[in-house]
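Here is a short report on aromatic rings and how they pair. Look at the model first, then read on.

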Amino acid sequence: MNIVHVGGGAVHPAVTSREAILAVSRESIMKKGWTALNIRSVAAACGISVGSVYNYFGSKSGLVAATVESIWGDIFRLPEQGEGFEDFLSCIRWIYGRIGWGNQTYPGFFALHAMRFWGEEKAEAKRLMARTWRHMQEHLKAVLEGDRQVRPDAFDETFTRDQFVELVFSMILAALLQESDGQAAALEVIRRAIY
């Protein structure tokens with residue numbers, strides 16, 4: 001960050017990185033909601049010119065799409081201690097916990113995001129969300145493969161690990177979009193299916 005003198009000699013830190021602009025954008029959404037997110041308000045909050053924001057994001061839709069991806073990353077960022085999950089159920093509990101945290105931190109994000117971007121066919125937002133979801137599914141597959149408690153006969157050619165992860169992920173997405181808990185039922189389905 002650079003220091004910029006703003007009228008009357010006051011000192012204001014100027015944001016000069018893409019990540020810092022996204023942090024300000026996330027904070028704006030947390031405090032004021034989606035309607036507050038625009039290039040001018042973000043530039044003002046960052047203490048930089050509108051043109052500086054456009055240097056990082058070519059349009060408002062580019063800023064919004066990048067902010068959405070940033071929020072997904074914030075919500076589902078793995079614990080910093082870098083420890084893996086001991087079993088698939090603990091990973092699912094963590095995901096549902098993060099959904100709850102995301103609903104509190106970014107009220108209405110999941111439902112609004114689905115309506116705003118999927119309904120309007122925003123290609124970039126869809127691409128970024130698909131990338132985030134693909135990453136989550138890959139992580140779920142890795143945790144499932146490392147879970148030594150899974151019954152040896154749980155999977156075969158008619159019911160594969162990939163199919164199971166897709167099924168579990170669809171339950172997670174339903175909970176996201178409906179802003180419902182659903183954790184107890186999901187955990188019970190998983191327990192009965194693979195343990």
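Phe159 is partly exposed, at 27% relative accessible area. Buried means under 20%, exposed over 50%, and partly exposed in between, using a 1.4 Å probe and protein chains only. Phe155 is buried, with a value of 13%.

This is a predicted model: local features need pLDDT of at least 70, side-chain atom pairs count only at pLDDT 80 or more, and totals for chains, interfaces and linings use all residues. Residues are numbered from 1 along each chain as its sequence is written, and side-chain values use heavy atoms, with hydrogens and water left out.

Rings of Phe, Tyr and Trp (its six-membered ring) pair if their centres lie within 6.5 Å. Planes under 30 degrees apart count as stacked, over 60 as edge-to-face, and the rest as tilted. The count comes to 10 aromatic pairs. Two of them are set out here.

| Pair | Centre to centre | Between planes | Type |
|---|---|---|---|
| Trp72 and Trp133 | 6.0 Å | 85° | edge-to-face |
| Phe155 and Phe159 | 5.6 Å | 25° | stacked |

What does the tryptophan pair tie together? Trp72 lies in helix H4 (residues 60-75) and Trp133 in helix H7 (residues 123-146), so the pair links parts 61 residues apart in sequence. Helices here are DSSP runs (H or I, at least four residues), numbered from the N terminus. Trp72 is buried at 3%, and Trp133 is buried at 15%. Trp72 and Trp133 also form one aromatic cluster with Phe76 and Phe169.

Definitions and conventions: Helices (H or I, at least four residues) and strands (E, at least two) are DSSP runs, numbered from the N terminus.
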